[in-house]
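Reader: I would like to learn how to read a structure of this kind. Please take me through it feature by feature.

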Amino acid sequence: MSTISGASAIFSLTNLDHSSCLGTIEGKLKKLNGIRGANVDFVTNAIEVNFDPEQLTVAEIRDFLRELDHEARGK
Amino acid sequence: MPPPRVTKASRTVPKSFRIDESALRALEAEASFLNVSPNTLVNQILKQYAEFDRFARMISTVKFSSALFRGLLSAADVNQLIEVAKAAGSSIPQAFVTAKRGKVDLDSLIDHVRSLAKYAQLFEFSDTVDSHGHVITLIHDYGLNWSIFLVHYLTAMLALIGMSPKLEMSDRSVIITISGA
């Protein structure tokens, strides 16, 4: 049986180009269970995330970011 | 097995520079547009240079649109693409990580792949680490030829340190399983 040590991911925020939203993504992401750290890079339009893969998957984080995108576009 | 690099704010220190006034105005306007402090924006610009651009310069890079990149890839002959990928994978990572980290090992090569995701936007990247090793997943929308290129680039790159990982691919992803690392 393997022991999970941790996971990290870098997502592109190319589609999340709403300037007023970029600053709040980090805060919203950090409230998800399993997120250990998140850092938005405004120069590269990327978000770097550390998470517990036993609580959260990459696909779930990507879906969460996509929901934020839909919310932002609906405003 | 060490966990993946933790994303946390590193220590900041005060430092004064004289900069071009027009550059300052552009930075302040961009920071206002992005709703961040000029300090945050300047720090991230400097980090891009410190962690990637100064090393990328050594291998003479160019920038063009993602649409053009996608078009070039789809037009490429697959056999020639594979040869280019093998040659690039056995030379570029070595030059890059030797300049940046001073040695070629698994950690520095994974950092190279991470940098390509973060600073060159060539794919999205994830790395899950457990007692068996790494599972690295790259997601992109550049089509099957880009996956084929990446598989051969990464195979040649990891051969530099005598590793033969398991690789799987689709038209949107490449999964690298590195056991016993």
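**Reading the two chains**

Author: In chain B, residues 24 or more positions apart account for 60% of the contacts with a separation of 6 or more; two residues are in contact if their C-beta atoms, placed from the backbone, lie within 7 Å. This is a predicted model, in which local features need pLDDT of at least 70 and side-chain atom pairs count only at pLDDT 80 or more, while totals for chains, interfaces and linings use all residues. Residues are numbered from 1 along each chain as its sequence is written, and chains are lettered from A and ligands numbered from 1 in the order in which they are written.

Reader: What is the secondary structure of chain B, and what pattern does chain B follow along the sequence?

Author: Helices (H or I, at least four residues) and strands (E, at least two) are DSSP runs, numbered from the N terminus. Chain B has 7 helices and 4 strands, in the pattern α-α-α-α-α-α-β-β-α-β-β. Chain A has 2 helices and 3 strands, and reads β-α-β-β-α.

Reader: How is the packing of two helices described?

Author: Two packed helices are described by the angle between their axes and the distance between the axes. Axes are lines fitted to C-alpha atoms, for helices over the stretch in contact, and angles run from 0 to 180 degrees between N-to-C directions. In chain B, the axes of helix α1 (residues 21-34) and helix α2 (residues 38-56) come within 9 Å and cross at roughly 110 degrees. That makes α1(B) roughly perpendicular to α2(B); angles under 35 degrees count as roughly parallel, over 145 as roughly antiparallel, 65 to 115 as roughly perpendicular and the rest as oblique.

Reader: Which residues make the contact?

Author: From α1(B) they are Leu27(B), Glu28(B), Glu30(B), Ala31(B) and Leu34(B), and from α2(B) they are Pro38(B), Leu41(B) and Val42(B). The contact of α1(B) with α2(B) has 6 nonpolar, no polar and 2 charged residues. Here Ala, Val, Leu, Ile, Met, Phe, Trp, Tyr, Cys and Pro count as nonpolar, Asp, Glu, Lys and Arg as charged, and the others, Gly among them, as polar.

Reader: Is Phe96(B) buried or exposed?

Author: A residue is buried if 20 or more other C-beta atoms lie within 10 Å of its own, exposed if 12 or fewer, and partly exposed in between, with C-beta atoms placed from the backbone. Phe96(B) is buried because 23 other C-beta atoms lie within 10 Å. Phe96(B) belongs to helix α5 (residues 92-101) of chain B. Leaving aside neighbours within four places in sequence, Phe96(B) is in contact with Phe55(B), Ile59(B) and His112(B). Phe55(B) is 41 residues away along the chain, yet the two C-alpha atoms are separated by 6.1 Å.

Reader: What is the mean pLDDT of chain A?

Author: pLDDT is the predictor's confidence in each residue, from 0 to 100. The mean for chain A is 81, and 76% of its residues reach 70 or more.
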